Amino acid sequence: RRSKSIGLPDAREQTLVAVKPDGVQRRLVGQIIQRFEQRGFKLVSEELLSEHYCQLRTKPFYPGLLRYMTSGPVVVMVWEGHNVVQMSRTMVGHTNPTEAQSGTIRGDFSIHISRNVVHASDSLEGAQREIQLWFQAKDLLDWDCCDRASTSEI
Ligand code: IDP
């Protein structure tokens, strides 16, 4: 059953929040997002999903997949590091949560293939295509962790 909106007058007001470099480097992104979620704010962002999943458009589950993926906002990120494509897939786990091992994200947090909580690109080429789809080059930063930079450089 769909819940009724209580209709607060300014409930559609939007703001932009950024986690600044020290917040990112101190691994606080998750905790900061959690504060906004717990306070009751709603995360809103754009949808490019039909393009994202265009290779699956002939599959019988595609209409349902699009309905699922556009049912609310998604949080899209680019993570960087040695072997990150393959290792993210390992961390995310099998597409079907029934097959996903405990300890993987899908294995720990999901039970059905059509609600498997997270996406990670499946190849270097796929990652390149998806990153270009969601981000402009200017959105992607080349940065050194503060652990390695001397404070006099900042
Ligand atoms: P992946 O997400 O593990 O890379 P893909 O085969 O690329 O797997 O499928 C993309 C998404 O489509 C899956 O994560 C899942 O949400 C959905 N999906 C895949 N196969 C099925 C299916 O048989 N039924 C329902 N949804 C599916």
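Good morning. Two remarks on conventions come before the structure. Numbering starts from 1 along each chain, following the sequence as written. As the model is predicted, local features need pLDDT of at least 70 and side-chain atom pairs count only at pLDDT 80 or more, while totals for chains, interfaces and linings use all residues.

Let me begin with confidence. The predictor's confidence in each residue is called pLDDT and runs from 0 to 100. For this chain the mean pLDDT is 78, and 72% of the residues reach 70 or more. Helix α1, residues 21-25, has the lowest confidence, with a mean of 69, whereas helix α5, residues 84-92, has the highest, at 89. Where pLDDT is low, predicted coordinates should not be read in detail. For the complex, the predictor gives an ipTM of 0.95 and a pTM of 0.73.

I turn to the overall fold. The chain has seven helices and zero strands; helices (H or I, at least four residues) and strands (E, at least two) are DSSP runs, numbered from the N terminus. Of the 154 residues, 4% count as buried. A residue is buried if 20 or more other C-beta atoms lie within 10 Å of its own, exposed if 12 or fewer, and partly exposed in between, with C-beta atoms placed from the backbone.

H119 is found in the loop between α6 (105-109) and α7 (124-134). H119 counts as partly exposed because it has 14 C-beta neighbours inside 10 Å.

Finally, consider V92, in helix α5. Why does V92 count as partly exposed? The reason is its 19 C-beta neighbours inside 10 Å. Beyond its neighbours within four places in sequence, V92 is in contact with T104, I105, R106, V118 and A120; contact means C-beta atoms, placed from the backbone, within 7 Å. The C-alpha atoms of V92 and N116 are separated by 9.4 Å, although these residues lie 24 residues apart along the chain.

Definitions and conventions. Two residues are in contact if their C-beta atoms, placed from the backbone, lie within 7 Å.
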